[in-house]
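Me: I am new to this structure and would like a close look at one part of it, the salt bridges.

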Amino acid sequence: MIDSRSDWCISRQRTWGVPIPVFYHVDSGEPLMNEETIAHVKSIVAQKGSDAWWYMNTEELLPEKYRGEAGKYKKGTDTMDVWFDSGSSWAAVVKGREGLFWPSDLYLEGSDQHRGWFQSSLLTSIATTGRAPYKSVLTHGFVLDERGHKMSKSLGNVIDPWIVIEGGKNQKEAPGYGADVLRLWVSSVDYTSDVMIGPQILKQMSETYRKLRGTLRYLLSNLHDWKPESAIMYKDLPLIDKHALFQLANVINSIKESFECYQFYKIFQIIQRFVIVDLSNFYFDVAKDRLYVGGKNSQTRRSCQTVLAAHLLCIVRAIAPILPHMAEDSWQHLPFPYSREDGSLAEFVFEAQWPRINEDWLSLAKEEVEFWTKALEVRTEVNKILEMARAGKLIGASLDAKVYLYSSDPNLQRRFREMSLPGDDADKLHRIFITSQVEVLPSMDHTSSTGAAFTGAYSAAGMGDLWIGVSRADGSKCERCWNYSQVVGSFVDHPTLCERCYKVITLEATPNIAVAA
């Protein structure tokens, strides 16, 4: 655009606008405009505004040196091109105000400004300073209604941001969603093209906001008794927790990269997929057993809380630029103090700064990452068979079930067997599937002897052939954790509990002094 532009006439013949401070000789028409005359007019405008040019006479507008010849001159009536006016804002605002920095980091406007403000700012700055007034430029499309129509008062389809925030006269038809929902909508759209907004879109955005708020409430409520000194060292965490932190680290890094590239819609997608879908549908679901059933101060519960605390502190700070009210509300309800690197407390979320990722979180071996990807895929297939068993009235909840599993892939089969042996309870297969028991079969020859009422097969690259069977769980139901166990009924003092719950109950019933002894 600039390369093909031959010149720029900055004068306009209008009755309004910023005047060009030039005087003309009455007889010859020669212009009078020099450093001295401009400096004098500048001092007048600084005190009285640009309208002074129109109501003051020529003698008053001329500096002392020319006042004796004021009768020979007349003031010009041309105004500046408005693009010259706005295009020099970098000099009047950015360079003229304390605390601002030049050149600006970013110029933001609609795509039509490539011929307007962006270009006029570039021309004035290059002409007077030799460099651009901005480091980068960001353009966006225009806002349309839900049907893709341009907003117009005559059509009655204009969306008032204030009504979106506060609500209209009829709160049922136009409920107030608050500023955060409007900001969330802005982050969700690809602003490089025209974007749409309307009642249904805002309703969907409100639902996403509600789910995100529910996620933060889950984190806050399950950390009510957690303190930083209760944290479990990374090396002592079960694999499921290490994998959760690996995912968190990658998500936070991806969000940071998207912020730096101004790709806010990618941040929205990441948050929606990870915070609302991945966490809620898997980790949070599996964690409930450890949080609610495991002993209050047990290793498995504290390790889970360590991971939840990391998620809370990272997620709240990551969403703060987009959802400042939600983030601050969560921060004010932190059940534990958060100290910055210098030891001072972060009273507000923006004082906490951007989360710094622990390098250990990203140290999870590639093979381990690949395994958990496969394990989650297997979990999805197991859930399908469990749903069949539920529909067939064999089970109610998934804890009523026992799962039989076989994989033709030797590595996957080996890992499944290891996760079925005594060890860290959090990494057990039946905890991952949220069933009472899982039996890993040694070969396909044993599938017929399981007595599984519902079965299914699945094949995928890198996983081999998978066989899944579901039957009723063995044993009786523990009234505390609802898991089935053949041990239920063997404890005289607590005949309705399983072995795990019995240990938790008896340990917590023991006086503290006895535990210390």
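Is Lys402 buried or exposed, and at what relative accessibility?

Reply: Lys402 counts as buried, at 10% relative accessibility; buried means under 20% relative accessible area, exposed over 50%, and partly exposed in between, with a 1.4 Å probe and protein chains only. This is a predicted model, in which local features need pLDDT of at least 70 and side-chain atom pairs count only at pLDDT 80 or more, while totals for chains, interfaces and linings use all residues. Residues are numbered from 1 along each chain as its sequence is written, and side-chain values use heavy atoms, with hydrogens and water left out.

The side chain of Lys402 meets that of Glu439 in a salt bridge, 3.1 Å from N to O. Such a bridge is a side-chain nitrogen of Lys or Arg within 4 Å of a carboxyl oxygen of Asp or Glu. This pair links distant parts of the chain, 37 residues apart: Lys402 is in strand β10 (residues 401–407) and Glu439 in strand β11 (residues 437–440). Helices (H or I, at least four residues) and strands (E, at least two) are DSSP runs, numbered from the N terminus. Glu439 is partly exposed, at 33%.

The structure holds 26 salt bridges. One of them joins Arg213 and Asp329 at 3.2 Å, N to O. Here too distant parts of the chain are linked, 116 residues apart, with Arg213 in helix α9 (residues 199–221) and Asp329 in helix α13 (residues 324–331). Arg213 is partly exposed at 34% relative accessibility, and Asp329 is partly exposed at 29%.
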